[in-house]
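Please look at the sequence and the 3D structure below. The report after them goes through a few local features in turn.

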Amino acid sequence: MPGDMPRWSQKFGYGGFIHLDHHKPCCARMMQDDKFFREVEDNCWDAEARLRDCGHHHVDQQVLSTIPVLFSYWAKAKDALEVSRFLNDHIAGIVERYPDRFYGLGTVPLQDPELACREVERCMMDLGLSGIEIGSHVNDWNLNDPALYPFYETCERMGAALFVHPWDMMGTDKMRKYWLPWLVGMPAETSLAICSMIFGGIFDKFPKLRVAFAHGGGSFPATIGRIEHGFNVRPDLVAIDNDVNPREYLGRFWLDSLVHDPAMLRYIVDRWAGTRWPWARTTPSLGELEPGQLIHSIDEYDPGDEGRAARQECPGLAGEISLPLHHRLADQHATLVFSSPGDPVGATWPVGHRKLNRLYPGFNLLNFLFCPSTSQHSISPFCGQSFPVH
């Protein structure tokens, strides 16, 4: 986020917006009007500070995105557009200054899909960003709502990758203690987003749309059996807009690998085998304390097929290249990571560029960011390799 956030509440005449209170050097309080939200450090707004952190954690490239509390979907659309443009210009400026180190994802005022579509076009054509980050719902709209169809069509047409992050968590009024909105609400929100897009037929209506979901898909992977069972036994309630079994969609979208549990990561890798692979990421407060530790902890896992168990690492909105888990390569190290403001830089894992095609000739994070599904091959912008797109 920019370090010089305007006092939007004063400019627009109503509250709810975030500003920064720089109360001491290299630190700031994120304030929602007069309410404390989170403490952040200068690597959230200072590109040089972030590059120092990247160097410490051996991260070569990052994908930057805004923190979800700044989406401002609740605000007046024209005001949210101004906030979005300010945030997107800041990220684009960092990408322009350090094109070999950063990629960027924009944010848009989704409460007004027409304005959102215009900002998608500006992000992709004028700012050189790689895609858009959105929330798990937009006010009263879930992600299957027809009001969002023009937005999906624009992202598909512009080749914009779409990253879905939980926000504005359901049931917050009933979860005042124990940080439950983040521990319970966020996983539920991500599953809500995935189920809404599946049951609403979004992946069929917009087959070229590239979508990734945060936090290993939230509670979705662990409950796919229940979800499928509901589809089978109560199609009158579940299959009213789409009669395709939800399990058929496991290869149609990406997940990250920030699940904090090696057994859960193995489970996700198994379920997504041969499709689109998890990548690691970090988020403010709930990111990995030691970047890459989770994936490194299961390096011994060998699914027996080099075409399975590939992974991509990314923090806050970020990722790395995908490879089979049981391959630990040392030549030509490179790491690509997603990151949101507040991230401690994120997970890293060295991979060998020359071996990517041989070991894993399929999807990877770079396919997600840069490669329309209609393309026969995608070109990695930093390693010059060609990857088939299935």
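The structure is a predicted model. Strand E6 spans residues 131–135. E6 is mostly covered, with 5 of its 5 residues buried. In a regular strand, side chains alternate between the two faces of the sheet. On one side of E6 are Gly131, Glu133 and Gly135, and on the other are Ile132 and Ile134. Both faces are covered, and these residues are all buried.

E6 has a pairing with strand E5, which is made of residues 102–106. The two are parallel and share 2 bridges. Within this pairing, Gly106 has Ile132 of E6 as its bridge partner. E6 also runs parallel to E7, and 5 bridges join these two. Here Gly135 has His165 of E7 as its bridge partner. To get from E6 to E7, the chain passes through H5, and this β-α-β crossover is right-handed. Helix H5 covers residues 149–158, and strand E7 covers residues 161–165.

## A polar contact at Ser65

Which side chain is joined to that of Ser65 by a polar contact? The partner is Glu133, and the contact is 3.5 Å. Ser65 sits in the loop that runs between strand E4 (61–64) and helix H3 (77–97). Its relative accessibility is 2%, so Ser65 counts as buried, the cut-off being under 20%. Glu133 is buried as well, as a residue of E6.

## Aromatic pairs

How many aromatic pairs does a search of the whole structure find? The search gives 19. One of these aromatic pairs is Phe17 with Trp74, which is tilted. The ring centres are 4.7 Å apart, and the planes make an angle of 50 degrees. Phe17 lies in the loop between helix H1 (8–12) and strand E1 (18–24), while Trp74 lies in the loop between E4 and H3, so the pair ties together parts that are 57 residues apart in sequence. Phe17 is buried, with a relative accessible area of 4%. Trp74 is partly exposed, at 35%.

Another pair is formed by Phe203 and Phe253, and this one is stacked. The distance is 5.5 Å centre to centre, with 25 degrees between the planes. Phe203 belongs to helix H7 (residues 202–205), and Phe253 to the loop between helix H9 (235–238) and strand E9 (254–255). This pair links distant parts of the chain, 50 residues apart. Both Phe203 and Phe253 are buried.

Phe17 and Trp74 also belong to an aromatic cluster.

Where is Asn139 found? Asn139 is in the loop between strand E6 and helix H5, on the path of the crossover from E6 to E7. Its phi is near 55 degrees, a positive value in a residue other than glycine. Is Asn139 buried or partly exposed? With a relative accessible area of 35%, Asn139 is partly exposed, because that class lies between the buried limit of 20% and the exposed limit of 50%.

Trp179 is a further residue other than glycine with a positive phi, near 60 degrees. Trp179 lies in the loop between strand E7 and helix H6 (180–199). At 39% relative accessibility, Trp179 counts as partly exposed.

Notes:
Residues numbered from 1 in each chain as written. Predicted model: local features only at pLDDT ≥ 70, side-chain atom pairs only at ≥ 80, totals over all residues. Heavy atoms only, no water. Helix = DSSP H or I, 4+ residues; strand = E, 2+ residues; numbered from the N terminus. Buried < 20%, exposed > 50% of the residue type's maximum accessible area, 1.4 Å probe, protein only. Polar contact = N/O pair within 3.5 Å; in protein donor to acceptor, adjacent residues only side chain to side chain. Phe/Tyr/Trp six-rings, centres within 6.5 Å; stacked < 30°, edge-to-face > 60°. Pairing = 2+ DSSP bridges. Right-handed = clockwise from strand over helix to strand, strands pointing away.
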